[in-house]
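Subject: Structure for you to look at

Dear colleague,

I am passing on the structure we spoke about, and below it you will find notes on what came out of the analysis. Please read them with the model open beside you.

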Number of protein chains: 2
Amino acid sequence: MTRHAESSEFLAAAKTEAARAVEHRKKVLEHVGAEAFTVDDFHKEEPGDWKHTTGRSDVTPAELQLGKRCHGAHVETLSADITPAGSHYLLIHFDVPLIDPSAYRLKIHGLVDKEVSLSLADIKRRKAQTASVLMACAGNGRMGLTERFTSHVPWGPDAFGCADWTGCSLAELLQEVGVKDGAAQVIFTGADKGVEWNTVDYFRRSLTVEQAMTGHVMLCWQMNGADLLPCHGAPVRIIVPGWYGMASVKWLTSIEITSGGWWGTEMDVYCYRRSRLDPTPLPIEQLPVRAMMAPPGHPDFYSRTRLLAPGVVRVRGKVWAGAVDIDYVEFSSDGAKTWQRAEVGDKSGAFGWAAWHFDWDAKTEGSYVLSCRGVDAAGRTQDPLCDDQFNYTGMGSTQPQLVYVRVTADIETVGGSINLEVEEEAAKKPEVMEKAQWDGLYRAPGSQ
Amino acid sequence: MTRHAESSEFLAAAKTEAARAVEHRKKVLEHVGAEAFTVDDFHKEEPGDWKHTTGRSDVTPAELQLGKRCHGAHVETLSADITPAGSHYLLIHFDVPLIDPSAYRLKIHGLVDKEVSLSLADIKRRKAQTASVLMACAGNGRMGLTERFTSHVPWGPDAFGCADWTGCSLAELLQEVGVKDGAAQVIFTGADKGVEWNTVDYFRRSLTVEQAMTGHVMLCWQMNGADLLPCHGAPVRIIVPGWYGMASVKWLTSIEITSGGWWGTEMDVYCYRRSRLDPTPLPIEQLPVRAMMAPPGHPDFYSRTRLLAPGVVRVRGKVWAGAVDIDYVEFSSDGAKTWQRAEVGDKSGAFGWAAWHFDWDAKTEGSYVLSCRGVDAAGRTQDPLCDDQFNYTGMGSTQPQLVYVRVTADIETVGGSINLEVEEEAAKKPEVMEKAQWDGLYRAPGSQ
């Protein structure tokens with residue numbers, strides 16, 4: 001069900017973007033290879049100790065610090081049509097700037113016929129459109145890797161959100177100012193400044209003029225029908241539907257059109273690489289396919305283990321693939337060993353997500369590991385469940401979510417006692433659950 | 001400057017609450033002692049390995065998981081009058097419930113003359129008031145401890161926020177339904193259910209009838225002028241001004257008045273204890289005094305080290321003490337060794353915070369550790385900078401925030417290079433900074 005009237009230009013752009021997404025994924029697989037980048041490969045490339053770590057398999061205080069400033073989605077909100085603000089994932093590279101809306105200016109300059117400096121009112125006067133856009137971090141799932149590139153946010157599979165974004169078309173704005181011949185790159189600069197990879201800069205990203213003019217990129221001032229919160233880029237941010245989140249620059253202060261290619265820190269960080277010094281890193285762009293579920297039942301506060309009363313439970317989730325359509329979703333209750341088809345609904349717009357559900361017959365008390373995976377209309381699939389990563393930087397991982405569920409009637413007894421330590425120890429026996437499944441669960445915090 | 005017209009009843013309640021806060025702090029010090037609870041004390045009380053840890057000085061995946069679901073404040077927003085939603089700290093014990101506002105009911109029952117079931121419209125029809133309320137987690141600062149009680153959220157000093165909360169008076173509502181003679185306790189139940197400390201329960205907390213009837217406790221449906229977000233307790237939550245956050249039950253579904261005392265899991269968890277099996281744990285109630293600063297300059301993404309150009313910088317922060325007035329705030333630029341008085345403004349309402357600033361002359365390039373501390377009108381002070389905790393559960397810590405600043409002209413050079421690894425290593429030399437200061441900085445993630 002499409003809840004928003006998306007313009008014909010926006011829908012046409014979605015088709016272009018879907019074709020690009022499939023093409024880009026092929027390039028990624030050609031570049032880094034379809035096989036896993038192993039722990040041995042990692043050690044060969046990065047033999048020294050990392051400054052901030054005592055060992056790459058531990059969580060470091062610096063990682064924790066980023067994990068607490070930034071935050072994952074509350075995955076239980078996957079049962080809703082959209083992710084509420086406050087439950088949507090958030091990555092803030094530097095500081096949240098607090099911008100006075102009445103003093104806000106956006107400068108559009110460089111290779112344009114007419115340089116402009118727009119106020120917030122100027123921007124809001126333009127024709128508005130609203131689109132459901134699934135956003136995810138390129139590093140989503142990084143904590144599922146045995147050894148990881150530690151200098152970034154330690155995501156479980158929870159670095160996502162799907163919100164209704166309202167704004168005007170970037171293409172229309174660029175047509176208005178007139179892009180000159182010879183223009184190649186559009187550089188977006190945010191108000192947040194800091195140091196990343198030893199380089200001083202504002203947060204900046206670029207698109208090619210072709211990408212920027214496709215018709216789906218928006219300058220947004222609302223999220224879920226309300227003015228943007230400061231942490232989501234108030235008063236104006238870019239939204240690049242179908243791409244990983246790093247392209248959607250927050251606190252936008254400048255759009256500069258340049259003739260040459262442009263390569264800044266935030267372009268360099270977000271790349272697929274085969275090695276530390278890969279001479280031809282491939283920029284991260286469109287989202288792959290991924291299914292996630294709202295973990296059923298009730299959680300244990302600390303371990304996030306799920307407790308569920310025996311019976312049939314409707315497991316609900318969402319599946320996304322950028323602008324590409326969904327083919328099917330599969331559900332597993334035995335730790336990604338055997339799979340069954342789930343029911344899948346329509347996408348919530350060209351760049352949104354589709355709801356799925358599976359009626360799981362959990363009649364027998366015991367321990368289960370639930371999982372799900374999606375396949376899109378272009379035949380793209382998720383990564384297999386695996387300790388290794390498929391590129392050096394641990395970007396773009398789509399290992400399936402794992403959710404540990406204990407089916408027990410005791411959860412109905414308010415005031416009753418459940419000793420999960422004993423139950424989880426029992427479940428770790430080989431006949432109940434393979435050790436690798438347990439390791440996977442506890443290496444991927446936030447999965448539940 | 002009081003931005004809100006608080007009713008005379010509300011202001012009178014603040015005076016009562018201030019007296020209680022001072023009294024409670026005295027009881028706490030009598031109970032756990034004014035001296036630190038040392039690492040040796042901790043080992044004696046909790047000799048075994050904690051199930052989820054590989055060692056208590058490491059961050060565990062389970063802690064990270066909670067740190068990412070919950071999240072600290074974006075401390076840079078301390079320069080603003082209120083903490084925006086999305087930048088306010090958040091602790092969610094179980095799942096975020098998604099409640100249909102049109103189906104919402106609040107039951108008030110037990111020892112009342114007239115049991116009622118109120119719709120959201122019924123509640124919103126009542127006389128509304130808005131108050132700035134500083135909220136903080138009882139576990140705020142826990143990561144500053146060398147060895148800690150790991151079964152909770154790994155906060156730096158960032159588990160706080162000050163928002164404008166709008167709602168009606170609980171006391172008036174209770175007067176309306178008529179509290180019967182013999183009533184002693186008011187139990188608040190939220191919609192979120194789960195397991196904590198092996199016990200199945202909804203999130204519940206209680207106040208004595210006297211505490212509930214004082215006149216400052218509110219049933220709120222708005223935060224910062226907007227309907228509550230799901231993660232902040234939509235559609236209705238309790239706000240207990242001046243208390244640590246655990247008392248402000250979210251997703252409120254039931255208020256039950258009972259004759260006896262009531263002691264549930266969430267009352268038991270939030271206690272000051274001298275030992276694991278302390279026979280007389282003291283409930284956590286009112287907030288102590290604490291000052292925090294918005295770290296000046298710009299951050300390094302990963303380490304959160306601050307980079308600042310040479311010159312005079314106005315360091316801005318806030319100070320709070322529940323309902324107690326502020327006496328003074330001190331600022332230090334040498335790692336809490338020497339202190340200077342800062343300028344302090346008025347509180348933003350009876351339970352809000354006061355802005356402070358200090359014009360720091362950072363003319364000489366080099367490394368500095370900034371800190372601040374508050375003293376309130378009742379003479380209450382913050383904890384000293386110390387590795388130890390002052391009670392077994394690590395609750396109620398007020399060790400000063402530490403902010404590492406590198407003063408360097410290079411931060412002005414966008415595109416320039418700053419190698420913090422080299423600079424931080426140099427700063428660790430005894431003549432520049434004591435080792436203990438560095439350890440403190442890196443043990444307290446989120447401090448910057």
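To begin with one detail, is helix α3 (residues 61-69) of chain B mostly covered or mostly uncovered? This helix of chain B is mostly covered, with 8 of its 9 residues buried, where buried means under 20% relative accessible area, exposed over 50% and partly exposed in between, with a 1.4 Å probe and protein chains only. The buried residues of α3(B) are Ala62(B), Glu63(B), Leu64(B), Gln65(B), Leu66(B), Gly67(B), Lys68(B) and Arg69(B), and what covers them includes α3 (61-69) of chain A.

Before going further, please note that this is a predicted model, in which local features need pLDDT of at least 70 and side-chain atom pairs count only at pLDDT 80 or more, while totals for chains, interfaces and linings use all residues. Residues are numbered from 1 along each chain as its sequence is written, chains are lettered from A and ligands numbered from 1 in the order in which they are written, and side-chain values use heavy atoms, with hydrogens and water left out.

Chain A has a mean pLDDT of 90, and 93% of its residues reach 70 or more, pLDDT being the predictor's confidence in each residue, from 0 to 100. Over residues 51-56 of chain A, however, the pLDDT is below 50, although this stretch has 17 contacts in the model beyond near neighbours in sequence, a contact meaning heavy atoms within 4.5 Å. Where pLDDT is low, the predicted coordinates should not be read in detail.

As for the overall fold, chain A has 9 helices and 22 strands, which are DSSP runs (helices H or I, at least four residues; strands E, at least two) numbered from the N terminus. Of the 448 residues of chain A, 65% count as buried, and among its contacts between residues at least 6 apart in sequence, 75% join residues at least 24 apart. The C-alpha atoms of chain A fill a box of roughly 70 × 50 × 40 Å, taken along the principal axes.

Finally, Ala342(B) lies in the loop between β18 (340-341) and β19 (343-347) of chain B, and it counts as buried because its relative accessibility is 12%. Leaving aside neighbours within four places in sequence, Ala342(B) is in contact with Val329(B), Glu330(B), Trp356(B), His357(B) and Phe358(B).

With best wishes
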